[in-house]
Amino acid sequence: MEVNTMKIDPNTISVNYIKKEPFTGGYKGMRYRLIKSGDGMEVAIWPEPYNYLRTPDEKKQSKQFPLTTEGRDEAVAWLNEQYELQKPLWDLALHTAWTVQ
């Protein structure tokens, strides 16, 4: 039996959408945003509970990828990898009470 380790499915993210609007989502305490940046795409992650604009910059991590289907697939692989590598951070964010900033 093969175990599926994919957390975020690349087929749920449209490159054509990202060319026009930021794409945001979340997975078990990890928030993420994919946005067109020049000729490429910037992918950012940060812990819940706040949106991108309300989260302090020091809590955000980002990486650049090509704005192509292959780049999207690489970006999603990076998101899934970061989820696994930083799982204690996402778990803590998921179980931390929200406060007004």
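How exposed is Lys-59, as a relative accessibility? At 46%, Lys-59 counts as partly exposed, a label for residues between buried (under 20% relative accessible area) and exposed (over 50%), worked out with a 1.4 Å probe on protein chains only.

## Before we dig in

This is a predicted model, where local features need pLDDT of at least 70 and side-chain atom pairs count only at pLDDT 80 or more, while totals for chains, interfaces and linings use all residues. Residues are numbered from 1 along each chain as its sequence is written, and side-chain values use heavy atoms, with hydrogens and water left out.

Lys-59 is found in the loop between β3 and β4. The helix and strand names come from DSSP runs, numbered from the N terminus: helices are H or I with at least four residues, and strands are E with at least two.

Look at Lys-59 next to Trp-46: they are 13 residues apart in sequence, yet their C-alpha atoms are 5.9 Å apart in space. If you skip residues up to four places away in sequence, Lys-59 touches Ile-45, Trp-46 and Pro-47. Touching, or contact, means heavy atoms within 4.5 Å.

## Arg-33, a buried charge

Now find Arg-33 in strand β2, which covers residues 30–37. Arg-33 is buried but has no salt bridge. A salt bridge here needs a side-chain nitrogen of Lys or Arg within 4 Å of a carboxyl oxygen of Asp or Glu.

## Around the ring of Tyr-52

Which charged ends sit over the ring of Tyr-52? One belongs to Arg-33, 3.6 Å from the ring centre, and another to Lys-60, 3.7 Å from the centre. To count, NZ of Lys or CZ of Arg must be within 6 Å of the ring centre and within 35 degrees of the ring normal.

## Aromatic pairs

The structure holds four aromatic pairs. Rings of Phe, Tyr and Trp (its six-membered ring) pair if their centres lie within 6.5 Å; planes under 30 degrees apart are stacked, over 60 edge-to-face, and the rest tilted. Tyr-27 and Tyr-83 make an edge-to-face pair, with 4.9 Å between centres and 80 degrees between planes. This pair links distant parts of the chain, 56 residues apart: Tyr-27 is in strand β1 (residues 23–27) and Tyr-83 in helix α2 (residues 69–85). Tyr-27 is buried at 19% relative accessibility, and Tyr-83 is buried at 3%.

Trp-46 and Tyr-52 have ring centres 5.3 Å apart and planes at 70 degrees, so that pair is edge-to-face. Both Trp-46 and Tyr-52 are buried.

## Salt bridges

How many salt bridges does a search of the whole structure find? It finds five. In one of them, Glu-48 and Arg-31 meet at 3.9 Å, N to O. Glu-48 lies in the loop between β3 (40–47) and β4 (61–66) and Arg-31 in strand β2, so the pair ties together parts 17 residues apart in sequence. Glu-48 counts as buried at 19%.

Another salt bridge joins Asp-57 and Lys-60 at 3.1 Å, N to O. Asp-57 is exposed at 58%, whereas Lys-60 is buried at 16%. Then there's Arg-72 with Asp-73, whose closest N and O atoms are 2.8 Å apart. Arg-72 is buried at 9%, while Asp-73 is partly exposed at 35%.

## Two more stops

Gln-82 lies in helix α2 and is buried at 11% relative accessibility. Its side chain joins that of Gln-86 in a polar contact of 2.8 Å. Leaving out neighbours within four places in sequence, Gln-82 is in contact with Ile-45, Gln-61 and Trp-90.

Last up is Thr-12, in the segment before α1 (15–18). Thr-12 is exposed at 52%, and its side chain reaches the backbone oxygen of Asp-9 at 2.7 Å.

Definitions and conventions: Lys, Arg positive; Asp, Glu negative; His and termini not counted. Polar contact = N/O pair within 3.5 Å; in protein donor to acceptor, adjacent residues only side chain to side chain.
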